[in-house]
Amino acid sequence: MKFVDYYGDDRLRHKIVYNKNSYSECIYCGKQANTREHIPSRVFLSKPYPSNLAIVPACVKCNNSFSNDELFLSILIEKLKIKHFGQNYVLSEEADRRIKQNEKLAHMIDAAIENERLDEFNKKISRVIFKLAIGHSVYELSEGYCIEDGTVKYSFLNHLSAEEVDEFSLPFNLNGQLFPEIGSRVYERILFLEVNFAAASDPEQLTAPLVLLDWVDVQEKRYSYTSYRFGDEIVVKMIINEFLYAQVILNVEVST
Ligand SMILES: [Zn+2]
């Protein structure tokens, strides 16, 4: 599946992504979409769920195939948090119920954590993160449609220093970057800050705008993401349950 670079009028893409009555192409495989799915899946959130979750079109196969992997990842994160924070960590009602309802899976995860065998799940975890990144980029930027090429990097909080967490959490600096198609959702999150540079030799201050992109908080402390296109790369960052820090780079094939 080739990504088609998108320079045209965005109205069509908006219709594909936002119109609840329009079933178009699956954003993951490009085949006929006959379902809509939430991005992110509710398995990563807690009640009350946000009422305005992003919805993207997907085919039944893609929609269902990720559900088990998402459930796995959500339980894995909870189990790692329990190990990391010990008795201080209190599971949400939903997480507790989810673990009880999936006892076998939870035991398997416990054993993997205990025996330090998490590397075995690298592929599964990366697949979920990659899929989430596609959904966010389509929704936010109206770009990233059906991309198959990309790199996924992720770390859990227990392997990150406070400095690394701070650095990861910084908003994207958009100074000098091309702006996306007018009308993309990303425009709602661009911040222009006035910065004063007081030159020692010059009593007059020079003012320059600092252009930053704010994160999207889907649900506070549960799920945040940000996404922007830098040249031929779409960068998507996600913080899930304040414990999984993931960055995906989607390679955009520029059509000439
Ligand atoms: Zn599909």
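What share of the 256 residues of the chain counts as buried? I looked this up before anything else. The answer is 48%. I note here that the model is predicted.

**Overall make-up**

I went through the secondary structure of the chain. I found six helices and ten strands. Then I turned to contacts between residues at least 6 apart in sequence. Of these, 65% join residues at least 24 apart.

**Zinc site**

Which residues coordinate the zinc ion? I listed Cys-26, Cys-29, Cys-59 and Cys-62, each through SG, at 2.3 Å. Along the chain, these donors follow the spacing C-x2-C-x29-C-x2-C. The angles among the four donor atoms run from 101 to 116°, and the site is tetrahedral. The cut-off for that label is that all angles lie between 85 and 135 degrees.

Cys-29 sits in the loop between helix 1 (11-18) and strand 1 (35-39), while Cys-62 belongs to helix 2 (residues 60-85). The pair therefore ties together parts that are 33 residues apart in sequence. Is Cys-62 buried or exposed? Cys-62 is buried, because its relative accessible area is 13% and the limit for buried is under 20%.

**Helix 2 against helix 5**

I followed helix 2 onward to helix 5 (residues 122-141). The two axes come within 9 Å and cross at roughly 110°. Helix 2 is therefore roughly perpendicular to helix 5, as that label covers 65 to 115 degrees.

I wrote down both sides of the contact. Helix 2 supplies Phe-66, Asp-69, Glu-70, Phe-72, Leu-73 and Leu-76. Helix 5 supplies Lys-124, Ile-125, Arg-127, Val-128, Lys-131 and Leu-132. How do these residues divide by type? I have seven nonpolar, no polar and five charged.

**Ile-109 in helix 4**

I picked Ile-109, which lies in helix 4. Ile-109 counts as buried because its relative accessibility is 1%. Which residues does Ile-109 touch, leaving out those up to four places away in sequence? They are Phe-72, Ile-75, Leu-76 and Lys-79.

**Cis peptide bonds**

The bond from Ile-39 to Pro-40 is cis, with omega near -5°. The bond joining Lys-47 and Pro-48 is also cis, with omega about -5°.

**Positive phi**

I ended with two glutamates. Where is Glu-116 found? Glu-116 is in the loop between helix 4 (103-114) and helix 5. Its phi is near 50°, a positive value in a residue other than glycine. Glu-116 is exposed because its relative accessible area is 73%, and exposed means over 50%.

Glu-242 lies in the loop between strand 9 (233-240) and strand 10 (244-251). Phi of Glu-242 is also near 50°, again positive in a residue other than glycine. I logged Glu-242 as partly exposed because its relative accessibility is 36%.

Conventions: Residues are numbered from 1 along each chain as its sequence is written. This is a predicted model: local features need pLDDT of at least 70, side-chain atom pairs count only at pLDDT 80 or more; totals for chains, interfaces and linings use all residues. Side-chain values use heavy atoms; hydrogens and water are left out. Donors are N, O and S atoms within 2.8 Å of the metal (3.2 Å for Na, K and Ca); water is not among the atoms, so sites may look incomplete. Four donors count as tetrahedral if all angles lie between 85 and 135 degrees; four count as square planar and six as octahedral if opposite donors are over 155 degrees apart and all others between 65 and 115; anything else is irregular. Helices (H or I, at least four residues) and strands (E, at least two) are DSSP runs, numbered from the N terminus. Buried means under 20% relative accessible area, exposed over 50%, partly exposed in between (1.4 Å probe, protein chains only). Axes are lines fitted to C-alpha atoms, for helices over the stretch in contact, and angles run from 0 to 180 degrees between N-to-C directions. Angles under 35 degrees count as roughly parallel, over 145 as roughly antiparallel, 65 to 115 as roughly perpendicular and the rest as oblique. Contact means heavy atoms within 4.5 Å. Ala, Val, Leu, Ile, Met, Phe, Trp, Tyr, Cys and Pro count as nonpolar, Asp, Glu, Lys and Arg as charged, and the others, Gly among them, as polar.
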